[in-house]
Amino acid sequence: MLASISTFALEGVRSHPVTVEVDVRRGLPAFTLVGLPDRAVRESRERVRAAVQNSGLEFPLMRITVNLAPAHVRKAGPGFDLAIAVGVLVASRQVRPESLDSTALCGELSLSGELRSVRGALAAALGARDLALGRLIVPPGNGGEAALVAGVEVIGARSLGEIAGVLRGEQMPVPATPETGDPDPRGGPDLLDVRGQEDAKRALEIAAAGGHNLLMVGPPGVGKTMLARRLPGLLPPPDLEEALEITQMHSAAGLAAGRLIRDRPFRAPHHTISAQGLVGGGAVPRPGEITLAHRGVLFLDELPEFGRSALDALRQPLEEGRVEIMRGQRTLEFPANAILVAACNRCPCGRPADSCRCGANERDRYLRRLSGPLLDRLDLVCDVRPVPPVQLVDEEPSGPPSAIVRERVAAARERQRARLAGTPARCNGDMDGRLTRLTVSLRPEVATGLTRGRESGALSGRGHDRVLRVARTIADLAARGDVASEDVDEALSYRFDGWERMAA
Ligand SMILES: Nc1ncnc2c1ncn2[C@@H]1O[C@H](COP(=O)(O)OP(=O)(O)O)[C@@H](O)[C@H]1O
Ligand SMILES: [Mg+2]
């Protein structure tokens, strides 16, 4: 008899429907798997055989052929075990095919028939919803995560024996309940901990409000890392849709812990990371750090120390908010909409200006590692200077707590959302040059100052767009409908060009 079972393959961070066909017929006992299986799928033969036998079910001593279709979808990992095992049970008439109507299954089997969690269960549930499948059976560790998707009944089953019981109607299915989790009750580190650094805090607020990438330049120990860690806490908490996206990325990387992630991610990879580690890829493509930072913050400390290929790979995600990876004839897409916060010294030695002995050549080489396209997406450049020691031990915190800044950021983001409705951008930092010039118009007297800068050659065309984007955000923070001269002036102070001159 022929059985046909629905399951899903994880490709990148999304799922693709896969049909497991199982044919059982008389002949010399054999167990053949076809349909581009990798080693894990071949090994699944041994697990399926043992799991069926150890679950008190019968493994047919017949000629068994399993086909995973469609052939062009790459099938990696052990997540097909369960569908193959249930296919064998159906094809050998131990389970009725009707009991699997509108049902998909995903899970790895142990030799004893217990189910083990798999990566990408949330993506599988989204796939089941899109195909209008009513039911998804997953390992218990994946139930809370898969059940987050509305419209699909998710059953978290402990073992193959339990699933056989449910499908035969001998046992009641236990529906999984969504694990919505809680935001971090400590709320992450607070801006109140940072003494002084008013300018850097202001730049952080603008970065949060407009989704702008930020480069902090300053010697070691001035608090750059400390400041960067406080950026996620200045962003409004993710809404349900964003939380699902964040969870989906982590689930595909095997980092979801089976529940909804309610906090904005903060990822801080070391500068020795490869291009692949940063933007994703590999023989079985996995999301990179920038995708794990999606809807949150990617922090690159000591930016010029990152490899050239890693920095170049950042170009597309920074421009488009997504990563494209070629896989033979297919293109995989990873969402990658994160705020980049980078930090670096002013020169390779990192000492303050008065004790630095780096030559112009050394400084030049250090800065030139940051390529033009990368610098183009760094809307804000902020000079971070040491805080006087007396201020560091000051009892009184300076500036507002993160919660107050977060409210201002949320209000500014609301204005941007309304203005940008109907465009692909959500905030000013998402706008490309064309959209920037379309949406941000300056009154003549405001425009004159900026034009003068351009004509004198101090401001490139792209620099001009950066200033417009940032000025628009500064005006949004001040609840101004029109961009004022003071907004443009402040935006000009965060230009990269200024730092270049300063470093020279
Ligand atoms: N402005 C500041 N307010 C409070 N503590 C600070 C400040 N700047 C530096 N520190 C202290 O110095 C340590 C080093 O700061 P860090 O953020 O690692 O500096 P950087 O990343 O610039 O090298 C911090 O952990 C913190 O204890
Ligand atoms: Mg640091």
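Which residues of helix 5 (residues 160–167) are buried? I'll start there, then go through the rest of this predicted model point by point.

1. Helix 5. The buried residues here are Leu160, Glu162, Ile163, Ala164 and Leu167. Note that a glutamate, Glu162, is on that list. As for what covers them, the elements include helix 1 (39–54) and helix 2 (81–91), along with strand 6 (108–109) and strand 8 (135–138). After helix 5 comes Gly169, with a positive phi near 75°.

2. Domains. The protein chain splits into domain 1 (2–167) and domain 2 (191–400). Taken over C-alpha atoms, the centres of the two domains are 40 Å apart. Where they touch, domain 1 puts in 15 residues and domain 2 puts in 18 residues. On the domain 1 side, strand 1 (2–11), helix 3 (121–130) and helix 4 (140–146) each give at least two residues. Helix 4 has the largest share of that side, with four residues. By class, the domain 1 side that touches domain 2 comes out as seven nonpolar, five polar and three charged residues.

3. Ligand 1. If you're setting up anything around ligand 1, here is the shell: 13 residues surround it, and the closest are Arg195, Gly223, Lys224, Thr225 and Met226. Helix 7 (residues 224–229) supplies the largest share of this shell, three residues. Sorted by class, the shell has six nonpolar, five polar and two charged residues.

4. To see the pairing residue by residue, look at Phe266, whose bridge partner in strand 12 is Val297.

5. The cis peptide. Ala69 and Pro70 are joined by a cis peptide bond, with omega at about 0°. You'll find Pro70 in the loop between strand 4 (63–69) and helix 2.

6. Positive phi at Ser102. Ser102 isn't a glycine, yet its phi is positive, near 55°. This serine is in the loop between helix 2 and strand 5 (103–105). Is Ser102 buried or exposed? Ser102 counts as exposed, because it has 12 C-beta neighbours inside 10 Å and the cut-off for exposed is 12 or fewer.

7. Positive phi at Glu302. Glu302 is another non-glycine with a positive phi, about 55°. Its place is in the loop between strand 12 and helix 11 (308–313), strand 12 being the strand that holds Val297, the bridge partner of Phe266. With 15 C-beta neighbours inside 10 Å, Glu302 counts as partly exposed.

Methods
Residues numbered from 1 in each chain as written. Chains lettered and ligands numbered in written order. Predicted model: local features only at pLDDT ≥ 70, side-chain atom pairs only at ≥ 80, totals over all residues. Near = placed C-beta within 6 Å. Nonpolar A, V, L, I, M, F, W, Y, C, P; charged D, E, K, R; others polar. Buried ≥ 20, exposed ≤ 12 C-beta atoms within 10 Å, placed from the backbone. Contact = placed C-beta atoms within 7 Å. Pairing = 2+ DSSP bridges. Domains from an automatic or database assignment.
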